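My notes follow in the order I checked them.

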Amino acid sequence: MTSADHRPAQDESPVTTDLMVGGMTCAACVGRVEKKLGRVEGVTATVNLATGRARISHPAAVTSQELISTVEKAGYTAELPPAAPENQEASGESPEAAAGESERFRLRITIMLSVPVLVLSMVPALQFDYWQWICFNLTTVVVLWSAWPFHERAVKGLRHGAATMDTLVSLGVVASFLWSGYALYFGGAGKPGMRMPFNLLPGAEAGTAHLYLEAAVSVPLFVLAGRYLEAKAKHGTGSALRALAELGAKDVELREDGDSRRVPISELRVGQEFVVRPGEKVATDGVVAEGSSALDLSLVTGESAPVEVGPGSAVVGAAVNAGGLLVVRATAVGADTQLARITRLVTDAQAGKARIQRLADSVAGVFVPAIIAVACTVLGFWLGAGADGESAVTAAVAVLVVACPCALGLATPTAFLAATGRGAQLGVLIRGPEALERLQRVDTVVFDKTGTLTTGHMTLLQTTVSAADQDAARVLRLAGAVEYGSEHPIGRAVVAAARRAADGAPLPPVTGFRAVAGSGVRGRVEGREVSVGRPRPDTVLPDTLRQALERAEAAAHTAVVVEEDGRPVAVLAVGDSLRPSSDQAVFQLQVLGIEPILVTGDSPAAAHAVAEQVGIDEVHAGITPEGKADIVAMLQADGRRVAVIGDGVNDAAALASADLGIAMGSGTDAAIGAADITLVREDMQAVVEAVRLTRRTLTTIRANLIWAFGYNVVTVPLAATGWLNPMFAAVAMSASSVLVVANSLRLRAFQAAPRDSGHTEGADDTRPRKESDDLSVSSAR
């Protein structure tokens, strides 16, 4: 989010500015702000009613102050968003909280003034002499004070040649009040002893003596109440984003020169070490310098299983320390942390606008003028048909009051707001509403292998010992000891497995260590000569080890032989292990009607081995980065909607050319930058959850739009034909917006599919694991 407050002489590249726009009440307001900003040369704007945020692309020569001035000329307020959440905390009460308190106060006073008017107007038995004058005085306060914001915004709109929801409310209130005033002063309704019957439906039996004070107070009352409930509901849709912003630690225990002191998080710098005690949050991204523990990442990535960390392990800010004492060296602070990037991505996504929302906003832009024209037509029709003035005014006021473009403007953005926030909680970062729309249409997913379906790290997958030596733990301990001095990835994988098998016990020392390039390592451990490396051509292996070597080679794993005093005693299969639930994720995508394809630059043997484990039939191996993009283009030429999932620089071209790009959060910046969706969690199950969340969101949006359009299709004709009392019209109008937002709020309760099962929406069966799947589990564990 960049704002340009200067005018460079040469740099004319477009920049993006976010503005917080105040005073918008319906989709017609959104259209007016976008149209006003769009008239500035080189400026395009997207305004979100649910968040009150305008995302503006403009030349660098156009300053943020000029943009603010343009919005204000349209009759609204605008300001730059606060730079950081902590600034809001430091300044005390936020503007949103202050505005909310003001609205609550206005609503309370309106209730106190309106209830006596409603009761006396609706219950004839309670009407006493001069009751109408007391009600008129109370109504005057409601019309002139409670409804003043509606009048003010309506006048501003008319001054700029535009009509909004406030215009309809203001006209309805003023018409009801003026008619009642006329009836009191000139129509005989002000006489002592006057009694006024009340009917659920408008009637013409009372003539000019009939008052519409209940309509004049009920419209502001119910609209204010509806908008208050709507604001609370919209606040709920953004709760996930606020929760993300609040996840970070507020202070940190720094360790300097052996001493510890607790300081605010803002004082932490890259390279400094800090202490994380059991139960505390990790203050920022870093690397463990001392200690070992298990970290709960569920708040950050949605991953429920704790992650074991030790010296050298990378940790992320806001993770909760569930075990021992840790000392962490900070590698990123402030806006550079993973939590800050997640929050920024979600904020950017919620500022976007979907194609279906643009259609609704376009309809709402002409809706209000059309309703005013309908109300005038209804008034003229009833008068021309010989009806009395009361019936004609009643029908016209009911049309003005019942019409509601608010629901149209809120139907889509509130659903996307709730969905993107819930997605972030589940470890799925969605770049914008357009990404959700495209994901819903995807029918083919192209997977990369290394770093996507697999972890991208070498691990010990299987340990096979000879029949003469059944102690696998002892053999692995010897192999780990001799590999300790090696920097080769295979050696590091063997050492890590040996440490796990030893359950924290130190590995024995090695003497006479030597490494032979392309062959392996050897050394003396506990009085034995131990070597770990490729099998020599003259090595004779027992049948058990020879078969293990053949299985490893068939699965495209790297196999090394452990020899003890020149005798082969074990075969260690090392390779890239599958990510958790990769096979189940592929199966569930197939159940959802999405075809998986594996495209990798790896060897055919390795590619087909992984494809067999996860259940993918179509495999393309040995493919260059350009070739990946070509395969995507071929699939698109066949009419398929293609999503690509990758993590490396070699995937960036395919990610960018696909209909939808999905990047692993642990991948390169190039891959993440080219993707539409980022998976923060190291689990392919997140892809399935993204698809399910998308389908649930679009179902919610369709329901919202059906209600928003259907409401007006039904209620406006009822009001025009005199079958809807203005008071009940106000209730219906307020309820429509609240119902739309409440329906969107249901997305906050979206739950991920159960782990290790094939359950998805519309499927209950599961795919049994193949025998080859067991290769992903080390026997040394």
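I am working from a predicted model. I began with threonine 700, which I found in helix H26. Is threonine 700 buried or exposed? I read a relative accessible area of 7% for threonine 700, so this residue is buried. I then listed the contacts of threonine 700, leaving aside neighbours within four places in sequence. The list holds Ala415, Asn743, Ser744 and Leu747.

Next I looked at H26 as a whole, residues 685-720, against helix H13, residues 389-402. Their axes come within 8 Å and cross at roughly 165°. The cut-off for roughly antiparallel is over 145 degrees, so I put H13 and H26 down as roughly antiparallel to each other. I noted the crossing of H13 and H26 as right-handed.

Which residues meet there? From H13 I wrote down Ala395, Ala398, Val399 and Val402. From H26 I wrote down Tyr711, Asn712, Thr715, Val716, Ala719 and Ala720.

Last, I turned to helix H2, residues 64-73. I marked Ser64, Leu67, Ile68, Thr70 and Val71 as buried. Why do I say that the buried residues line one face of H2? Seen down the axis of H2, they fall within an arc of 160°, so they share one face of the helix. On the face of H2 turned away from the buried side I found the exposed residues Gln65 and Lys73. Just after H2, I noted a positive phi of about 100° at glycine 75.

How values were computed
Residues numbered from 1 in each chain as written. Predicted model: local features only at pLDDT ≥ 70, side-chain atom pairs only at ≥ 80, totals over all residues. Heavy atoms only, no water. Buried < 20%, exposed > 50% of the residue type's maximum accessible area, 1.4 Å probe, protein only. Helix = DSSP H or I, 4+ residues; strand = E, 2+ residues; numbered from the N terminus. Arc of directions from axis to C-beta. Axes fitted to C-alpha atoms, helices over the stretch in contact; angles between N-to-C directions. Parallel < 35°, antiparallel > 145°, perpendicular 65-115°, else oblique. Left-handed = near helix turned anticlockwise from the far one by under 90°. Contact = heavy atoms within 4.5 Å.
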